Amino acid sequence: MSKPKQTDRNFPSIATCGSNQTTSYGSVAADLDGTLLVSRSSLPYFMLVAVEAGSLLRGFILLLSLPLVIVSYLFVSEALGIQILIFISFAGLKIRDIELVSRAVLPRFYAADVRSESFEVFDKCKRKVVVTANPTLMVEPFVKDFLGGDKVLGTEIEVNPKTKKATGFVKSPGVLVGKWKRIAVEKEFGEESPDIGLGDRKTDHDFMAICKEGYMVPPSKTARPVPLDRLKSRIIFHDGRFVQRPDPLNAILTYLWLPFGFILSILRVYINLPLPERIVPYTYALLGIKLVIKGKRPPPPSAGSPGNLYVCNHRTALDPIITAIALGRKVSTVTYSVSRLSRFLSPIPAIALTRDRAADAARIAELLQKGDLVVCPEGTTCREPYLLRFSALFAEMSDRIVPVAVNCKQSMFHGTTVRGVKFWDPYFFFMNPRPTYEVTFAERLPEEMSCKAGGKSAIEVANYVQKVLGDMLGFECTGLTRKDKYLLLGGNDGKVESMYNAKKG
């Protein structure tokens, strides 16, 4: 290793990086929390692992341990504080579950917290290495996919080889802080020192001192996160129940709200379940649920004529039910991968499809002869402002197609899940203090844009409806599918048997 360039450890601010004409952007070694991220605390991310890979109870225990973590971190050592976080968050969890949370849940929160000036320097460098006290397993997917990092030097988790579960302890040499960061950087770069070292605290000085140039990232209340479109990947799919990052205050408020929210959710579900759809908007308002209905609602089909086919984008499992409430009458819907209990409790007729194209087409045609039908051709929900590819099957079934744009707002809990129990999705949605649903009815598709009367192909009609809904909502249309979502978030193809086998494994 070449001689350290800065041994006095009085590092300049990152604001001065680039002012020196000799600055080279060949390689960089950068800390994560407080350096590449605005937040200096990793607690919210450990909380997400504890809850999403573990349980709400584990997250509550982690929250209660916060005073112990703070005292250990400030008055004993940084390493001990982080070791406590790792033990409570990781002990006994399957490594596969931690990996899935690291890929499906954490990136959305990390991406919203990337510090602008640090990222600009980091992004200019050809070889990018992140050196962090956080577990490598936890941060590597985000660093590589969203920051464009080449390598993560982090704390390595100890795993029981028989059970494939984390023990809660870490491998030698322990939590990567202080001199261990320097040793890890020396081992990674060999004889050639990193051109730039970025850190935010005293324990980063060791590895920064062996870099050709070192810069401190000082705490700042005015630090700006980088725009999401500057990152290397887009956030389209993500999982997890928390809407907001669970920093200590948000976590405390969430756990205080949980018992009241659960009771309120039960009331919101079961009071409205037996009521006629035309009455429900009024009870929704009394129970704190905001329902916004826009556009002209089509009248019910006349006797002897087939029903309308309402084609919705898919935000939560409640979309067909909310559409029926907006129409003020019973409509049928078709579903995939929904339990018998959920279909039984549904206030509208919910008929299961089989993914056999011919059989499903016959079933949909039969339902349309009986009345109106709601379908969500994306096949799965998407939380972000994107529309997935529309299955073209619906376009072959009817020329009486009415696009319906649905959107919802949740402030505390997401009402959808990939890895969790889908039965609880509506309850989590209604646990939000003030959940909001917005339904907008478009005009019925003109005959020239239909398959039978207009001679269009089913794919042309499906793409047209997707564009209509995208324009109404201001969402971007994509060619992504249910399979893409489940492969990323759940490690399976989204089929019922695959999801069951994955959970069983």
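**A residue and its setting**

Mentor: Ile-88 has its place in helix 5, which spans residues 78-90. The model before us is a predicted one. Within that model Ile-88 is buried, because its relative accessible area is 17%, and buried means under 20%. Leaving aside residues up to four places away in sequence, Ile-88 touches Arg-58, Ile-61, Leu-62 and Ser-65. A further reference point is Trp-257, which stands 169 residues from Ile-88 along the chain. The C-alpha atoms of Ile-88 and Trp-257 are separated by 23 Å.

A second residue may be examined in the manner just shown. Asp-123 is found in helix 8, made up of residues 116-124. Asp-123 is buried, with a relative accessible area of 18%. Apart from residues up to four places away in sequence, Asp-123 touches Lys-128, Arg-230 and Lys-232. Asp-123 and Glu-192 are 69 residues apart along the chain, and their C-alpha atoms are separated by 20 Å.

After helix 20 comes Gly-491, which has a positive phi, near 70°.

Let us now turn to the whole protein. There are 21 helices and 16 strands in the protein. Its radius of gyration is 26 Å, close to the 23 Å that the globule rule gives for 505 residues, so the protein is as compact as a globular protein of that length. Taken along the principal axes, the box filled by the C-alpha atoms is roughly 90 × 45 × 45 Å.

Ile-88 and Asp-123 are both buried, and buried residues make up 53% of the 505 residues. As for contacts between residues at least 6 apart in sequence, 75% of them join residues at least 24 apart.

The surface and the charges complete the account. The protein exposes about 22,500 Å², of which carbon and sulfur atoms supply 58%. The protein carries 66 positive and 49 negative side chains, and the centres of these two sets lie 4 Å apart.

Key
Residues are numbered from 1 along each chain as its sequence is written. This is a predicted model: local features need pLDDT of at least 70, side-chain atom pairs count only at pLDDT 80 or more; totals for chains, interfaces and linings use all residues. Side-chain values use heavy atoms; hydrogens and water are left out. Helices (H or I, at least four residues) and strands (E, at least two) are DSSP runs, numbered from the N terminus. The radius of gyration is taken over C-alpha atoms; the globule rule is 2.2 Å times the number of residues to the power 0.38. Buried means under 20% relative accessible area, exposed over 50%, partly exposed in between (1.4 Å probe, protein chains only). Contact means heavy atoms within 4.5 Å. Accessible areas come from the Shrake-Rupley method with a 1.4 Å probe; for residues, only the protein chains shown count as cover. Lys and Arg count as positive and Asp and Glu as negative; His and the chain ends are not counted. The place of a charge is taken as NZ of Lys, CZ of Arg, CG of Asp or CD of Glu.
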